[in-house]
Amino acid sequence: SNVVYFKSIDSTQTKAHELARQGAKHGTIVIANEQTNGKGRLGRSWFSNEGKGIWMSILLRPSFSYNEAPQITLFASIILTNALRSLYGIDIRIKWPNDLYFEKKKIAGILTEMHGEQDQIHYLIIGIGINTHKTKYPLELKQKAGSLEEFINQNPKRIEILCKFLEQFEKNYELFHQKGFAPFFDEYNQLLLKKGTPIVVTQSTSFIYGQIYGVDENGYLIVKKENGEMIKVVSGDITI
Ligand code: BTN
């Protein structure tokens with residue numbers, strides 16, 4: 001596939017959108033050593049210091065519909081979690097829907113954006129940010145952000161992580177494309193932050209207190225509320 005590298009760029013995500021509009025091929029990868037305006041989920045920014053992580057966006061032109069698309073983020077989070085676990089042997093977990101955590105620190109995040117009509121996606125971009133190396137995080141991130149280097153007793157090699165991830169992504173993509181999330185649902189649950197972890201679900205203006213129970217075959221989060229009632233969370237933000 002086609003890999004486009006930048007030493008520094010505003011955002012690989014923005015660049016990937018631009019290339020997609022110009023007709024770039026399925027499988028095009030945009031990667032940068034530094035982002036000056038990295039984008040996170042829910043309109044947040046993503047801290048992407050020079051040389052301190054892997055900042056990349058993958059352009060896909062799938063033939064599934066809009067409804068199935070959000071699950072590709074869950075798929076990507078499984079692949080990435082497994083890649084990092086197999087390389088470094090640490091117990092990385094997925095915080096629903098697609099944040100990678102080690103203990104209480106967020107190591108990686110995924111942002112999926114799509115463009116098209118209800119029944120047919122024109123293109124989809126999966127943006128992945130992996131904090132590989134130690135860096136000075138801004139004050140507001142200090143509490144929750146972490147890098148791989150803090151938790152493994154070796155120097156993480158970005159090229160090694162990238163290769164492992166892409167190899168596994170490519171190997172499993174066809175299955176996801178044909179069968180959707182169902183074949184990966186068990187594995188996702190195994191990698192999910194442990195059952196019983198207390199969480200707060202934020203939905204626009206309300207908060208729900210409960211515990212993680214698991215995800216269903218659609219990738220929705222099942223939360224056990226304090227009163228024992230089970231609810232499904234389709235979207236929103238959770239805090240541990
Ligand atoms: C999140 O909020 O957890 C998602 C973060 C996604 C960050 C990546 S870094 C590469 C790509 N380019 C961006 O501007 N954002 C994504």
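Around the ligand there are 21 residues, and the nearest of them are Ser11, Gly40, Gly109, Gly127 and Gly129. Keep in mind that this is a predicted model. The elements that each give two or more residues to this shell are α1, which covers 12–21, together with β3, β6 and β7. By residue type, the shell around the ligand splits into 11 polar, six nonpolar and four charged.

Next, the annotated positions. The unreviewed UniProt entry carries a "binding site" annotation that covers Gln35 and Lys106. Where does Gln35 lie? Gln35 is in the loop that runs between β2 (29–32) and β3 (53–60). Is Gln35 buried or exposed? Gln35 counts as buried, because it has 26 C-beta neighbours inside 10 Å, and the cut-off for buried is 20 or more. Setting aside neighbours within four places in sequence, the contacts of Gln35 are Ile9, Asp10, Ser11, Thr12, Ser48 and Trp55.

Lys106, the other annotated position, lies in strand β6. Lys106 has 18 other C-beta atoms within 10 Å, so it is classed as partly exposed. Not counting residues up to four places away in sequence, Lys106 touches Asp99, Tyr101, Lys144, Ala145 and Gly146.

On to helix α2. This helix takes in residues 71–88, which is 18 residues. From first C-alpha to last, α2 reaches 26 Å, close to the 26 Å expected at 1.5 Å a residue. Buried residues of α2 include Ile72, Leu74, Phe75, Ile78, Ile79, Leu80 and Leu84. Gln71, Ser77 and Thr81 are also among the buried residues of α2. What covers the buried residues of α2? The cover includes the strands β4 (93–95), β5 (99–102), β6 (105–117) and β7 (120–131), and also the helices α4 (158–179) and α5 (185–191). Just after α2 comes Gly89, with a positive phi of about 60 degrees.

Last, the domains. The domain assignment gives domain 1 as 3–191 and domain 2 as 198–239. Their C-alpha centres are 23 Å apart. The contact between them takes 11 residues from domain 1 and eight residues from domain 2. On the side of domain 1 that touches domain 2, α2 and α5 each supply at least two residues. Which element gives the most to that side? That is α5, with three residues. The residues on this side of domain 1 divide into eight nonpolar, two polar and one charged.

Notes:
Residues are numbered from 1 along each chain as its sequence is written. This is a predicted model: local features need pLDDT of at least 70, side-chain atom pairs count only at pLDDT 80 or more; totals for chains, interfaces and linings use all residues. Helices (H or I, at least four residues) and strands (E, at least two) are DSSP runs, numbered from the N terminus. The expected span of a helix is 1.5 Å times one less than its number of residues. A residue is buried if 20 or more other C-beta atoms lie within 10 Å of its own, exposed if 12 or fewer, and partly exposed in between; C-beta atoms are placed from the backbone. Two residues are in contact if their C-beta atoms, placed from the backbone, lie within 7 Å. UniProt positions are given in the numbering used here, feature names are shortened, and annotations may be inferred rather than shown by experiment. A residue is near a molecule or strand if its C-beta atom, placed from the backbone, lies within 6 Å of it. Ala, Val, Leu, Ile, Met, Phe, Trp, Tyr, Cys and Pro count as nonpolar, Asp, Glu, Lys and Arg as charged, and the others, Gly among them, as polar. Domain bounds come from an automatic or database domain assignment.
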